[in-house]
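Visitor: I have never read a protein model before. Could you take me through one, feature by feature?

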Amino acid sequence: VKDAEQHRDSALPLIQKRADNLHKASRNQSVQDDVASKQETGRNHKRTLAIIKPFPDINLSNGQKLKFRSAVPVFGASESFIALIHDKSLRLFKRMQKHTLYCSTTDGKHPVPMTMRGHEHEKDLRMKYGGRSRSQDLLPTGTMIVWRCEWPAERKNESCHDVVVSEEDAEKPLATLQACHNTDVYREKKYNMVACRSNVWTSKGKESESGVLQLPQWVEYMLMHGVDQIFFYTLSNTSWAYKAAIQPYLDSGLGQEIHLDTSVDPDHSIATKLSILRQDGYISQQLQVNDCIYRAKYRTTWLSPSLDVDEYLRPTNIYESSLGNYDLPKMLSDYAQGEETIHPLAGKVCCLEFHGIIFRHPQDPFSQLQLESHFRGKKQEEEESMGFGARYPKYLLRPELVHASFIHWPTSWEEGYRSVPTQNFLYHHYRTSDESKTRRADHTLVDQAAEVRRRIEERFSMSWPELAQQLKVANEDDNDHTLLPRLPKAV
């Protein structure tokens with residue numbers, strides 16, 4: 001009504017445009033329908049790898065309830081399967097040890113028992129990282145549970161796979177879950193290193209902490225050092241500013257989108273609505289980490305599943321880092337090979353864990369890049385005062401060897417392999433404005449800021465201060481796209 005009163009003749013198209021931008025409720029569309037819908041609305045459907053939609057709850061005969069969050073088709077040279085990713089629950093994992101689930105194709109010609117992975121190393125991880133939560137399902141070592149359904153390799157060219165889930169000797173199946181992906185994107189070349197980019201925080205009014213401003217800086221840095229593909233995750237409430245920031249990377253073939261449908265249908269039950277809405281926060285990040293592992297299996301040598309846009313990985317050697325010409329995937333492979341040669345009986349390397357150093361935010365995020373900030377803290381001070389993330393490591397992994405992960409460490413991997421803590425790599429974590437805790441000067445990555453800035457300005461065809469201001473406005477007014485004609489078309 002206010003639009004009609006203020007805009008009169010132009011009110012109808014304005015209202016229609018705003019309606020088009022509202023978060024639509026999930027419908028029972030196929031991936032092909034989704035792709036067609038994206039094409040009609042101008043979305044770059046060619047770079048959308050998958051659309052993840054909510055699955056209904058599954059009630060088992062033993063009284064347990066299952067809530068699968070994602071279904072991912074995986075086709076490698078030696079194995080083919082569908083990964084069914086479930087909420088984390090140590091209790092459920094223990095109770096399902098003697099309750100086997102089965103899966104099959106819809107024609108019933110492929111019935112096989114499913115295997116379950118996720119919490120096998122829980123005891124060792126609690127000892128290693130010191131989880132002391134009273135609730136077993138709230139331990140910081142917790143992870144998603146993944147059921148694996150072996151699948152016919154000859155179906156690798158199909159975009160969608162209907163997985164029938166059942167219990168042993170049951171007369172009727174429990175559910176049919178659909179696992180879909182864009183086969184054209186999936187069959188692209190194998191990458192050297194992929195970085196998973198979960199949906200970022202926006203922090204309106206706190207631009208120094210805004211993930212939207214940090215995103216293009218971080219992406220360009222990663223591309224400079226050997227990452228050759230970014231998996232961008234979007235949600236139903238992802239801001240237009242974030243979509244505009246990732247669009248150039250999709251258009252240039254350097255990224256692909258996985259969309260997580262977190263919209264709520266009015267007809268859903270209250271429990272279902274709450275379950276979907278929970279995916280917008282920390283749970284969503286854990287889902288995206290594990291979904292990304294399976295999207296990347298047999299498609300890349302190395303994977304960064306959870307480095308945030310304020311975390312910059314580098315070699316520990318200051319001279320190598322200062323030069324700025326290091327190739328991360330090559331360095332990682334060389335280090336893993338050396339570790340296996342030196343310790344042949346310890347097992348091969350599936351993952352590398354490393355710690356970070358807390359850095360201060362830049363003084364003016366609209367003119368400075370994160371890398372231009374050169375004040376950091378001392379490690380012991382950080383661990384005591386900077387919160388959970390500062391105390392624990394991040395990691396990189398070989399995705400074909402890992403079954404499940406937490407945000408800060410892997411939790412399930414192939415037998416005979418191991419996750420190795422290393423001091424050969426670390427990351428700069430630009431996460432505080434507290435000057436009293438970040439007084440030590442460190443210029444190791446400062447010289448790389450100029451190249452990052454040049455790349456950003458070339459890709460977006462505008463200066464960094466102008467881009468930062470436009471992203472800020474886009475983040476504050478998520479509906480009126482016409483205000484910012486120079487930003488990439490958000491899709």
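Guide: Gladly, and let us start with pairing: two strands pair if DSSP finds at least two bridges between them. This is a predicted model, and in it strand β18 (residues 356–360) pairs with β24 in the parallel sense over five bridges.

Visitor: What holds paired strands together in general, and which strand runs antiparallel to β24 over five bridges?

Guide: The general idea is that strands of a sheet pair through backbone hydrogen bonds, either parallel or antiparallel. Here the antiparallel partner is strand β16 (residues 311–315), joined to β24 by five bridges. Look for arginine 314, which stands opposite leucine 426 in β24.

Visitor: Is β24 mostly covered or mostly open?

Guide: Mostly covered: seven of the eight residues of β24 are buried. For the protein as a whole, buried residues make up 56% of the 491 residues.

Visitor: How many helices and strands does the protein have?

Guide: The secondary structure comes to 16 helices and 25 strands. Among contacts between residues at least 6 apart in sequence, 75% join residues at least 24 apart.

Visitor: Now the inside, please. Which residues touch the most other members of the largest nonpolar core?

Guide: A general idea first: in soluble globular proteins, nonpolar side chains tend to be buried together. In this model the largest nonpolar core has 61 residues, and Leu84, Trp147 and Tyr294 touch the most other members. Helix α10 (residues 282–296) gives the largest share of this core, six residues. Apart from it lies another core, of 58 residues, including Tyr335, Phe366, Leu396 and Val452.

Visitor: Let me zoom in on tryptophan 147. What is it in contact with, beyond its neighbours within four places in sequence?

Guide: Among its contacts are Leu66, Phe68, Ile82, Leu84, His86, Leu92, Met96 and Met116. Tryptophan 147 is itself buried, with a relative accessible area of 2%, and phenylalanine 68 is also buried, with a relative accessible area of 2%.

Visitor: Those two both have rings. How do I read a ring pair, and how many aromatic pairs are there?

Guide: Check how far apart the ring centres are and how the planes are angled; planes over 60 degrees apart count as edge-to-face. The count comes to 11 aromatic pairs. For phenylalanine 68 and tryptophan 147, the centres are 5.5 Å apart and the planes are at 80°, so the pair is edge-to-face. Phenylalanine 68 lies in strand β4 (residues 68–75) and tryptophan 147 in strand β9 (residues 145–150), so this pair ties together parts that are 79 residues apart in sequence.

Visitor: What about tyrosine 335 and phenylalanine 425: how are their rings arranged?

Guide: Their centres are 6.2 Å apart and their planes at 85°, so this pair is edge-to-face. Tyrosine 335 lies in helix α12 (residues 328–342) and phenylalanine 425 in strand β24 (residues 425–432), so the pair ties together parts that are 90 residues apart in sequence. Tyrosine 335 is buried at a relative accessible area of 18%, and phenylalanine 425 counts as buried at 4%. Rings can also gather in groups: Tyr221, Tyr312, Phe359 and Tyr430 form one aromatic cluster.

Visitor: Where does arginine 148 lie?

Guide: Arginine 148 lies over the face of phenylalanine 81, at 4.0 Å from the ring centre. Likewise, the charged end of arginine 197 sits over the ring of tryptophan 218, 5.0 Å from its centre.

Visitor: Last one: where is the confidence lowest, and where is it highest?

Guide: It is lowest in helix α3 (residues 31–40), at a mean of 43, and highest in strand β15 (residues 300–304), at 98. The protein averages a pLDDT of 84, and 78% of the residues score at least 70. Over residues 17–33 the pLDDT stays under 50, and over residues 380–389 it is below 50.

Conventions: Residues are numbered from 1 along each chain as its sequence is written. Side-chain values use heavy atoms; hydrogens and water are left out. A nonpolar core is a set of buried Ala, Val, Leu, Ile, Met, Phe, Trp, Tyr and Cys residues joined through side-chain atoms within 4.5 Å. Buried means under 20% relative accessible area, exposed over 50%, partly exposed in between (1.4 Å probe, protein chains only). Helices (H or I, at least four residues) and strands (E, at least two) are DSSP runs, numbered from the N terminus. Contact means heavy atoms within 4.5 Å. pLDDT is the predictor's confidence in each residue, from 0 to 100. Rings of Phe, Tyr and Trp (its six-membered ring) pair if their centres lie within 6.5 Å; planes under 30 degrees apart count as stacked, over 60 as edge-to-face and the rest as tilted. A charge sits over a ring if NZ of Lys or CZ of Arg is within 6 Å of the ring centre and within 35 degrees of the ring normal.
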